[in-house]
Amino acid sequence: MANSRQNVNNMRRKQFVIRIMLMIPMLIYAFLYSQAQSVSDTAVVTVKRDIRYAAAPEGIAQDTSSDRLLDLYLPNLKSANRLPVLVFIHGGGFSGGDKSAKGNVALCKKIAIKGYAVVSINYYLYLKQNKIQGASAGANMKDGLPKAGKFHDGLETAVKIASADTELALQWIKENAGTYALDTNRVAISGGSAGAMTALYTAYRSKQKVLPIRCVVNFWGGLSNTDDMQRNAPPLLTFHGEQDDLINVAYAYALHKKMKDLGIQQSEIHILKNMGHAIYNYITMNEINTIDKFLTSNMSVNE
């Protein structure tokens, strides 16, 4: 009996060692691939970090995540043409998040590689600086569209303040276009979660006049209502996880339906099966070409 048990243990040890040996080449490959990707991205994209686009908000002390700073991703292209611009707004429920988050950085780099200047912004996080019960995105959006057509006043205020900071970033782009060879006639706006809510509000409800927004890329965001959207609304590309338990997928369908009701055919919706919220890795790995195709087809300017 003891010999039999010993033989079983020896066999298990051998199987364990074999599994480890088989895994080592895979781990080495994954490490070398990630290093190669990092070197490749660095070779084709220049990143200028923490550029101030407007004065710091009062009362934030050393909280850089609530400060008006941007990172600029520039493709290293030899071209006489000015660069189309994508403004990217990070998520975090207006109470957290930062432009420097790993998922944001990877996504911005991959889009910049395609030939875009990506302006990734931090902005005043109203719900971080003001703790308001019942104002979170999850509390307002996880169960579907708001019956009254509006969010909690705290969340509505957070969106408007973030949008106002986005307008300041657009003003910075306008004023610094010559320095960085930015094409102010080809500007798109994007964001994830709270950032997407901000992008959507800026493009469709804010009535901003700083720069024309050519199109919008919406990563799992939503609007409290679509009543203010007009027939000249910029084209929309939406990605949303089917099983998103923070911002209900109903927001994606509502936006797409409104675009179609307005007669705007340039609305794409991608409902991602069996996926949840904030799936940046999936987008970066699988959807950059989809985003590039949408931006390219909707950012052309008639001369």
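In this predicted model, a search of the whole structure finds 1 cavity of 30 Å³ or more. The volume of the largest cavity is about 50 Å³, and its lining is formed by F151, E156, V159, M197, Y201, R205, G222, L223 and S224. Among the elements of the fold, those that give two or more residues to this lining are α5 and α6, the latter spanning residues 194-204. Sorted by class, the lining of the largest cavity comprises 5 nonpolar, 2 polar and 2 charged residues.

One of the lining residues, F151, also takes part in the aromatic contacts of the structure, which holds 5 aromatic pairs. F151 and Y251 form a tilted pair, with 6.3 Å from centre to centre and 45° between the planes. This pair links distant parts of the chain, since F151 sits in the loop between α4 (137-141) and α5 (153-180), whereas Y251 belongs to helix α7 (residues 250-261), 100 residues apart. F151 has a relative accessible area of 5% and is therefore buried; Y251, with a relative accessible area of 1%, is likewise buried.

A further aromatic pair, that of F219 and F239, is stacked, with the centres 5.7 Å apart and an angle of 20° between the planes. Because F219 lies in strand β6 (residues 215-219) and F239 in strand β7 (residues 236-241), the pair ties together parts that are 20 residues apart in sequence.

Key:
Residues numbered from 1 in each chain as written. Predicted model: local features only at pLDDT ≥ 70, side-chain atom pairs only at ≥ 80, totals over all residues. Heavy atoms only, no water. Phe/Tyr/Trp six-rings, centres within 6.5 Å; stacked < 30°, edge-to-face > 60°. Helix = DSSP H or I, 4+ residues; strand = E, 2+ residues; numbered from the N terminus. Buried < 20%, exposed > 50% of the residue type's maximum accessible area, 1.4 Å probe, protein only. 1 Å grid on protein atoms, 1.4 Å probe; cavity = no way out; pocket = protein on both sides within 12 Å on 5 of 7 lines; lining within 4 Å. Points joined across faces, edges and corners; volume = space filled by probe spheres on them. Nonpolar A, V, L, I, M, F, W, Y, C, P; charged D, E, K, R; others polar.
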